[in-house]
Amino acid sequence: MVAERQGAGDMKRHKEGPSPYALSAFLAVSGGVLAVVVCVFALRELIVPRTQVWTVWTTTALVMLSLLAIVLWVAGAWIASRMHRKLRDRVHTFFTPGERARVLEAVSSFESRTSGEIRVHLAEHSMGDPTRAAVKAFERLGMTGTREHNGVLFFVSVRDRRVAVIGDAGIHEKVSKGFWAEVVRAIETPLSEGRYADGLVAGIEMAGSRLAEHFPHRQGDTNELPDSISDDT
C-alpha cells in the first residue's frame with residue numbers, strides 16, 4: 001500500500017515565448033493544408049472522368065506544392081524540436097544524456113547499499129495535482145509490490161515544473177512526518193536553477209541514505225524493480 005505521506009513542490013518555470021511555438025504550428029499546419037490540397041487534386045484526376053487535358057503546368061504546380069508542403073512541415077517540426085530541447089519541457093528533452101546517466105548512477109549507487117527500491121518517473125504533466133499523479137504512477141509501476149514495502153518514487157511533472165516524492169508504507173513508518181517535505185526541498189533549489197540532475201541526485205542521496213539506514217542491503221537481496229528512468233511515453 002502506498003504510504004500515507006508524501007511531499008510535493010513547484011519548480012521554477014522557464015519564461016516561454018509563444019511566438020516560436022506559434023510559428024512552428026503555423027508552418028506545420030500550412031504544410032498539412034497544402035498536402036491536402038495536392039491530394040484532392042490528384043484524387044480528382046484519378047476519379048473524375050477527364051474533361052480536359054492534364055497539362056504539364058498543372059503537374060508542375062502540384063509537384064511544387066507537394067515539395068512546399070514537405071518543406072513547411074519539416075521546418076515546423078524542426079523549430080518545435082529546437083524549442084523543446086531549449087525549454088526542456090518534454091520527457092525526452094528534460095534530461096541531457098549526461099544528466100540521465102548521473103541520475104541513474106545515483107539510483108544504482110544507493111540500491112547497492114539498501115534493499116529499498118528507488119525510481120524516477122517523468123510525466124508530461126500532472127493534471128493539476130502532482131501528488132495524486134505520483135500515487136497513480138507509484139501503483140502503475142508496481143512499486144507497491146516490494147517485499148518490505150520500501151520503495152521511493154521521485155515523480156517529475158515536466159511541463160508543469162512540479163515534483164512529488166512518494167514513499168511506501170515500510171519506509172514511511174521509519175521516518176519523521178516532515179521527511180518527504182525535506183526531500184522535496186532538497187530537490188527544489190537546484191531544479192529552480194535549471195540544474196535538474198543536481199536536484200534529483202540530491203533527493204536520491206537523502207532518501208537513499210535513509211533507506212540504507214533502515215533497510216541495509218543483505219546477502220541474497222535482489223533488485224525487484226528496474227533502475228531505468230520511466231516516463232509516460
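Select Leu 67 to begin: is Leu 67 buried, partly exposed or exposed? This is a predicted model, so the answer is computed from predicted coordinates. Leu 67 has a relative accessible area of 47%. Buried means under 20% and exposed means over 50%, so a value in between counts as partly exposed, and that is the class of Leu 67.

Now show the helix that holds Leu 67: this is α2, residues 56–87.

Next stop: strand β4, residues 162–168. Six of the seven residues in β4 are buried, leaving the strand mostly covered. Bring up β3 as well, and you'll see an antiparallel pairing with β4 over six bridges. For one of the bridges, pick Val 152 and look across to its partner in β4, Gly 167.

Last, select helix α7, residues 196–214. Its 19 residues reach 27 Å from the first C-alpha to the last, close to the 27 Å expected at 1.5 Å a residue. Color its buried residues, among them Tyr 196, Leu 200, Val 201, Ile 204 and Leu 211. Glycines are on that list too, including Gly 199, Gly 203 and Gly 208. What covers the buried residues of α7? Show α3 (97–111), β2 (117–123), β3 (151–157), α5 (169–172) and α6 (179–192), which are among the covering elements.

Conventions
Residues numbered from 1 in each chain as written. Predicted model: local features only at pLDDT ≥ 70, side-chain atom pairs only at ≥ 80, totals over all residues. Heavy atoms only, no water. Helix = DSSP H or I, 4+ residues; strand = E, 2+ residues; numbered from the N terminus. Buried < 20%, exposed > 50% of the residue type's maximum accessible area, 1.4 Å probe, protein only. Expected span 1.5 Å × (residues − 1). Contact = heavy atoms within 4.5 Å. Pairing = 2+ DSSP bridges.
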